[in-house]
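Colleague: I am new to this structure and would like a close look at a single part of it, taken slowly.

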Amino acid sequence: MRLLTPSLLLITCFVIGGAVFKSVAPRRCPAILPNDTIFVLTGDMRRIPFAMRQLRKYPNTDLYIIGAGVNGSFDMARRVTIESESKSTYQNALAIRDIATTNGLNRIVLITTEDHMNRAKYLIEHELPYTEIVACPVPLSDMPVTKRLERWAIEYVKYIVTLFGFKEG
């Protein structure tokens, strides 16, 4: 019974924390301002098409595609810039910091999937503490529930690890 109680407490805290993690994730993309700059993180096939749809709604906005694995063609006349050096969410945050600092940006729009948003935003906020980060999540509604739960669980564990100071991985 003594071993069961701490384990049960730990599991309960983990489950409740996971529920909170999911509940605080943004659900909708707010209006994008004419002078905003959009940053989309690669890594999921839904992100870039979602970002391109946002760009069609806001044609004067700059779009940066951040991270490895970018392929396909983009209408470069639409102010799309590709950064393909960063290979992790933390490296994405560093790349965004460099671009935002170079361009004097004090507000950015971040596009990534809803399960990835909390950790990505956390890492970017630590690199750009005085920059407003507007979360524009890509929904996972077209995915089976079990796969969504698996993705949320993985991102929750990665978020916890990040809170302990491990930024890579």
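In which order do the five strands form the open sheet, and is the pairing parallel or antiparallel?

Modeller: This is a predicted model, in which local features need pLDDT of at least 70 and side-chain atom pairs count only at pLDDT 80 or more, while totals for chains, interfaces and linings use all residues. Residues are numbered from 1 along each chain as its sequence is written, and side-chain values use heavy atoms, with hydrogens and water left out.

The open sheet has the order E3-E2-E1-E4-E5, with parallel pairing; strands here are DSSP runs of E with at least two residues, helices are runs of H or I with at least four, and both are numbered from the N terminus. Two strands pair if DSSP finds at least two bridges between them. Strand E3 (80-83) and E5 stand at the edges with a single partner strand each, so one side of each is left without a neighbour in the sheet.

Within the sheet, E1 and E4 run parallel and are joined by four bridges, and phenylalanine 39 stands opposite leucine 110 in E4. Phe39 and Leu110 are also among the residues with the most contacts inside the largest nonpolar core, which has 20 residues. Such a core is a set of buried Ala, Val, Leu, Ile, Met, Phe, Trp, Tyr and Cys residues joined through side-chain atoms within 4.5 Å, where buried means under 20% relative accessible area (1.4 Å probe, protein chains only). Among the elements that give two or more residues to this core are strand E1 (37-41), strand E4 (107-113) and helix H3 (89-103), and H3 gives the most, with six residues.

Definitions and conventions: Buried < 20%, exposed > 50% of the residue type's maximum accessible area, 1.4 Å probe, protein only.
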